[in-house]
Amino acid sequence: MKKELTIFDNPKNVKRLRMGFFVALVMLLIAESFVEMHGYFSVEHFYGFYAVYGFISYVLLIFAAKVLRKIIMRKEDYYDH
Amino acid sequence: MIINMPPPALVFILGAVLIPFIRGKAKAVYMLAIPVVVFITLLNLPMGNAWIVEFWGYELIMGRVDKLSLVFAYVFTIMAFLGVLFALHVKDNLQHVSGLVYVGSTLGVVLAGDFLSLYLFWEIMAVASTFLIIASRTRASREAGFRYILVHLIGGLFLLAGIVLYIQKTGTIAFDYIGLTGVESYLIFIGIALNAAAIPLHAWLPDAYPMGTPTSTVFLSAFTTKSAVYLLIRTFPGADILLVIGALMVSLPIFYAVLENDIRRVLSYSLMNQVGFMLVGIGIGTELALNGAVAHAFCHIIYKALLFMAAGSVLQMTGKIKCTEIGGLYKTMPLTCLFCMVGAASISAFPLFSGFVSKSMIISASGHEQIFLIWLVLQFASTGVVDHAGIKVPFFTFFGHDSGIRAKEPPLNMLLAMGIAAALCVGLGVFYQPLYNLLPFPVHYEPYTGAHVIGQLQLLMFGALAFTLLILSGYYVPEVRSRNLDADWTYRKFGRFAYKIADRGLNALNRVSERILMRIIKGIVSFFKTMAANLALFVSVNVWLVLGYRGKRLELKKARLYDDIFQGTLPIGIGAAVTITFVLLMYVLT
């Protein structure tokens, strides 16, 4: 049998990864207070603008795509003769 | 020494012709040597015009060498090396030959200083890339290839018409900045924009690119669209319409990429989205924005090829490439997975990866010019990239649900090509100064400021947070086997429908005139086809004889070629028609 990686089969490892991810998010928000956000537009001066904008964009994208799917989705063999 | 070298385009094209006659290890060395030789030639080229040829009283410039054309020539040659290395194990000579002819014609386009040599290489590019699409030799790929070449020949005719009017107006075939001013400029613009997959002339790209073989799609991803980007930078910088097209291109394809099931089609939509960033940069038109467009093209060619290589490796080793059929492949393909994630981080513009140092120039340029709406759209699109290319592609391929497939890593040459591409992605992201030095304008830009790094990381990571929450709560778009309608519907379904209506309604009225017209058209078509078929047969039979085909196998090959040409599955007939039309036009107008 050839060797296999199974690192993510262990729920503990997935949990660790997720915790690391959440810690990184919090640190990013804290880090913003140490740098001067010299932006091109006034919105950039709101604390956490990029975090909020990234999150909202992503959610909107997914929900809009779900609506779009209702309009454009056909069966896989739609174009076959 | 350099002056005595043939132009890079011809080194590739003539070099490609010899490939079928070389065997074994010598063949591998020979194919890898071609891009290396060209790269050394490029490094030693003096600025200015080289390889000037007199032709019918016109001056063909096969080597316009300046900073803009050089940086594109460099990256195309690097890409050629990676593509050849990745495909080194492939036995099919058709793919090797058409791949290198494709690269050569692209270099011809990039280095062309006049419209005639540009058009010549432009058409070779279209035909050579078609062979890469039909190389998988399935019915679906043949049909997609046929649609592809038709669309590109129509685009080529727009370009040709524009060129003819341009030459008539200006009296010269040389070109540089054109700008959208008259009919001829719009025709040229349409011809180039089609190759850049500009919306709404884009449908050929997600239609055809996923049809290639695991290795040929890697070639396809690099050359056609980015040579069009190069031409737009040269001829139409600052055209406002590019802002609109670019904004549409960065945003619309990401919705399709979210929905699409076929990983290579996801990457095709993602390719459009990335070209959209470049078009926005060209539309802004400032030095910073144009530098950004060039830098982004450079980085994008490498990381997009890397992503297509990872997808190609998966396809080759598992025979599957749909999200619904794969998953959990990291267990037995950890290296491919790692390389794919480097590509994903680069396209997502993570700090320390190549996309970060190039895309941010374009976004900053939009901020610098205070175009708020475009700036917002670009930031939105950046989050969209994180979703489909940064997370979806690696997640559903290598993690996600375990498909139970236990495929091995791909052969060494494929791993090497991915490894080099991944190293370049990190290298460009960390040591970006050499790239900045190659850009057409002097660079006064620092990508790694505290504010920029923190802002970008927040954008990306909180996007990823949204993904995590949506997946955990089950709200993420489920993977479904499906076909999503795009603009190609107009010519794949509606076109057929409209034809039927017209056929029934109008036929009665002008049956007579149509019969005459049809007879003439049929005559012309069969003339070109017979001519092309005979020419192709003559050339091919000799080649096959040399290659050792005899008796029944030769007969079979002959019959297949003849069928292909007459059923229109090979683009030769049309290519010949276009070439002859062009020559006729030359005579009529001069």
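Author: Let's start with pairing: two strands pair if DSSP finds at least two bridges between them. Keep in mind that the model is predicted. In chain B, Ile52(B) has Ile61(B) of β2(B) as its bridge partner.

Reader: What makes β1 (residues 48-55) and β2 (residues 58-65) of chain B a pair?

Author: The rule asks for at least two bridges. These two strands have 7 bridges, in the antiparallel sense, so they pair by that rule. They form a hairpin with 2 residues between them, and Trp56(B) in the turn has a positive phi of about 50°.

Reader: How do you know what length to expect for helix α7 (residues 183-195) of chain B?

Author: The expected span is 1.5 Å times one less than the number of residues. With 13 residues, α7(B) is expected to span 18 Å, and its end-to-end C-alpha distance of 19 Å is close to that. Just after this helix, Ala197(B) takes a positive phi of about 60°.

Reader: How does chain A compare with a compact globule?

Author: A compact globule of 81 residues would have a radius of gyration near 12 Å, but chain A has 21 Å. Of its residues, 15% count as buried. The chain has 2 helices and 1 strand, in the order α-α-β.

Notes: Residues are numbered from 1 along each chain as its sequence is written. Chains are lettered from A and ligands numbered from 1 in the order in which they are written. This is a predicted model: local features need pLDDT of at least 70, side-chain atom pairs count only at pLDDT 80 or more; totals for chains, interfaces and linings use all residues. Helices (H or I, at least four residues) and strands (E, at least two) are DSSP runs, numbered from the N terminus. The radius of gyration is taken over C-alpha atoms; the globule rule is 2.2 Å times the number of residues to the power 0.38. A residue is buried if 20 or more other C-beta atoms lie within 10 Å of its own, exposed if 12 or fewer, and partly exposed in between; C-beta atoms are placed from the backbone.
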